[in-house]
Amino acid sequence: MKELLTYLVQNLVDQPEAVSVTEQENAGGTVFEIRVASGDMGKVIGRQGRIIKEVRTLMKSVAQRKGKRVTVEVVD
C-alpha cells in the first residue's frame, strides 16, 4: 500500500523526487505520513482539501479489502 500511495502522490507533484512516504504501525492501524516539497503542498491538498480527501478515500478502500485500517497525513 505504501507503493500505491507513493505512486499517487508522485504523479500529482512537480518534484516527484522530493516525495517521501513513511509508514508507522500503531494500535489503531497504519499511519502513512506524506512529505513533499513546500511548493507542491497545495497540489497534494487541493482546493478545499478535495485531492487529499480522495487519496484518503482510495487508501481506506484498499486497506478495507485487506482487513486493515489506515490513516493518511500530510506533514510539512
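**Figure 1. Burial and overall fold of the chain.** Of the 76 residues of the chain, 33% count as buried (buried is under 20% relative accessible area, exposed over 50%, partly exposed in between, with a 1.4 Å probe and protein chains only). This is a predicted model, in which local features need pLDDT of at least 70 and side-chain atom pairs count only at pLDDT 80 or more, while totals for chains, interfaces and linings use all residues. Residues are numbered from 1 along each chain as its sequence is written, and side-chain values use heavy atoms, with hydrogens and water left out. The chain has three helices and three strands (DSSP runs numbered from the N terminus, helices being H or I with at least four residues and strands E with at least two). From the N terminus on, these elements follow the order α-β-β-α-α-β. The radius of gyration of the chain, 12 Å, is close to the 11 Å that the globule rule gives for 76 residues, so the chain is as compact as a globular protein of that length (the radius is taken over C-alpha atoms, and the rule is 2.2 Å times the number of residues to the power 0.38). The C-alpha trace spans about 35 × 20 × 20 Å along its principal axes. The accessible surface comes to about 5100 Å², and 46% of it belongs to carbon and sulfur atoms (Shrake-Rupley method, 1.4 Å probe; for residues, only the protein chains shown count as cover). Among contacts with a separation of 6 or more, 51% are between residues 24 or more positions apart (contact means heavy atoms within 4.5 Å).

**Figure 2. The largest nonpolar core.** This core has 17 residues, and those with the most contacts inside it are Leu5, Val9, Phe32, Ile34, Val36 and Met59 (a nonpolar core is a set of buried Ala, Val, Leu, Ile, Met, Phe, Trp, Tyr and Cys residues joined through side-chain atoms within 4.5 Å). Two or more core residues come from each of helix H1 (2–10), strand S2 (29–35), helix H2 (41–45), helix H3 (50–65) and strand S3 (70–75). H3 gives the largest share, four residues. Leaving out residues up to four places away in sequence, Leu5 touches Val21, Phe32, Ile34, Val55, Met59 and Val72.

Figure 3. The 16 residues of H3 should span 22 Å at 1.5 Å a residue, and its end C-alpha atoms are 23 Å apart, which agrees (the expected span is 1.5 Å times one less than the number of residues). The buried residues of H3 are Ile52, Val55, Met59 and Ala63. Seen down the helix axis, these buried residues fall within an arc of 70 degrees, so they line one face of H3 (the arc is that of the directions from the helix axis to the C-beta atoms). They pack against H1, S2, H2 and S3. Arg50, Lys53, Glu54, Gln64 and Arg65 are exposed on the face turned away from the buried side. Just after H3, Gly67 has a positive phi of about 75 degrees.

Figure 4. Phe32 belongs to S2 and counts as buried, at 0% relative accessibility. Beyond four places in sequence, the contacts of Phe32 include Met1, Lys2, Leu5, Met59 and Val72. Phe32 and Glu73 lie 41 residues apart along the chain, with their C-alpha atoms separated by 6.2 Å. Glu33, also placed in S2, counts as buried at 13% relative accessibility. Not counting residues up to four places away, Glu33 touches Ser20, Val21, Thr22, Gln24, Glu73 and Val75.

**Figure 5. Val72 in strand S3.** Val72 is placed in S3 and is buried, with a relative accessible area of 4%. Val72 and Thr30 are 42 residues apart in sequence and 8.7 Å apart in space, C-alpha to C-alpha.

Figure 6. Gln15 sits in the loop between H1 and strand S1 (20–26) and is partly exposed, with a relative accessible area of 38%. Gln15 touches Ala37 and Asp40, residues up to four places away in sequence not being counted. From Gln15 to Ser38 the C-alpha to C-alpha distance is 10.0 Å, across 23 residues of sequence. Gln48 is in the loop between H2 and H3 and counts as exposed at 75% relative accessibility. The phi of Gln48 is near 55 degrees, a positive value in a residue other than glycine.
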